[in-house]
Amino acid sequence: MTEKIALFPGSFDPFTLGHLNTVTRAAKMFDKVIVAIVTNTSKRPLFTAKEKKRLVAASIAHLDNVEVILHEEGLTVHIAENLGAEVLIRGIRNITDYEYEKNIAHMNARLAPNIETLFLLADPAYANISSSVIKEIAKFEGDVSPFVPQSVNEALEKKYRDRHIGC
């Protein structure tokens, strides 16, 4: 029997409880889930790829069938093919996410017809959480602990504290 592998790609800058909820749910559906930290060329990251990998790994350590990889170049569908993943996992919070992800899913289907995209609707508790909003709150010393794993919260506090000290 073939192992069912899913790929959950994202920039995860930072990894939120919404991301964790999505990967936890996916882990129940697949034999193996690979979280791929990919580069989003349209964003300027707060954390380095290695920092993100460490933070995601700490957040998913309790999930036996989930691993984290770095993939800083290349198309997501090529990553999936190279890893033997048949499914791309995408979290959807709202209609804006849906429209954006639908267009990417259609293009991915043209590039790699053997790879399916599975949309998981965000749990309502996490539907308003986005990495960019988390960074904005943290930058101005707001409490983001209800929205991110503890290790991510600590890393955000340190990152912004160090930036303020360097001013």
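Predicted model: local features only at pLDDT ≥ 70, side-chain atom pairs only at ≥ 80, totals over all residues.
Residues are numbered from 1 along each chain as its sequence is written, and side-chain values use heavy atoms, with hydrogens and water left out.

Let me stay with the pocket for a moment. A pocket here is an open set of points on a 1 Å grid over the protein atoms alone, where a 1.4 Å probe fits and protein lies on both sides within 12 Å along at least five of seven lines, and a lining residue has an atom within 4 Å of a point. How many residues line the largest pocket, and which of them lie nearest its centre? The lining has 46 residues, and those nearest the centre are Gly 10, Ser 11, Arg 90, Tyr 100 and Glu 101. At least two lining residues come from each of strand 1 (5-10), helix 1 (17-29), helix 3 (76-83), strand 4 (87-92), helix 4 and helix 5.

Helix 4 itself covers residues 95-111, and Leu 111 belongs to it. Because its relative accessibility is 44%, Leu 111 counts as partly exposed; on this scale buried means under 20% relative accessible area, exposed means over 50%, and partly exposed is in between, using a 1.4 Å probe and protein chains only.

Now let us turn to charged pairs. Side chains of opposite charge can pair when their charged atoms come close. The structure holds 7 salt bridges, a salt bridge being a side-chain nitrogen of Lys or Arg within 4 Å of a carboxyl oxygen of Asp or Glu.

What of pairs that join other parts of the chain? The side chains of Lys 159 and Glu 51 meet in a salt bridge at 3.0 Å, N to O. Lys 159 lies in helix 6 and Glu 51 in helix 2 (residues 49-60), so this pair ties together parts that are 108 residues apart in sequence. With 18% relative accessibility Lys 159 counts as buried, whereas Glu 51, with a relative accessible area of 22%, is partly exposed.

A further salt bridge is formed by Asp 13 and Lys 135, whose closest N and O atoms are 3.1 Å apart. This pair links distant parts of the chain, with Asp 13 in the loop between strand 1 and helix 1 and Lys 135 in helix 5, 122 residues away. Both Asp 13 and Lys 135 are buried.

Asp 13 is joined to Pro 14 by a cis peptide bond, with omega at about 5 degrees, and Pro 14 is found in the loop between strand 1 and helix 1. Phe 12 is found in that loop between strand 1 and helix 1 too, and although Phe 12 is not a glycine, its phi is positive, at about 45 degrees. Is Phe 12 buried or exposed? Phe 12 is buried, since its relative accessible area is 4%.

Glu 141 is another residue other than glycine with a positive phi, near 65 degrees. Glu 141 sits in the loop between helix 5 (131-139) and helix 6 (150-165), and because its relative accessibility is 64%, Glu 141 counts as exposed. Its C-alpha atom is separated by 9.6 Å from that of Leu 156, which is 15 residues away along the chain.

I will finish with one more loop residue, Asp 64, which is placed between helix 2 and strand 3 (66-71). Asp 64 is exposed, with a relative accessible area of 78%. From C-alpha to C-alpha, Asp 64 and Val 33 are 9.6 Å apart in space, and they are 31 residues apart in sequence.

Key. Helix = DSSP H or I, 4+ residues; strand = E, 2+ residues; numbered from the N terminus.
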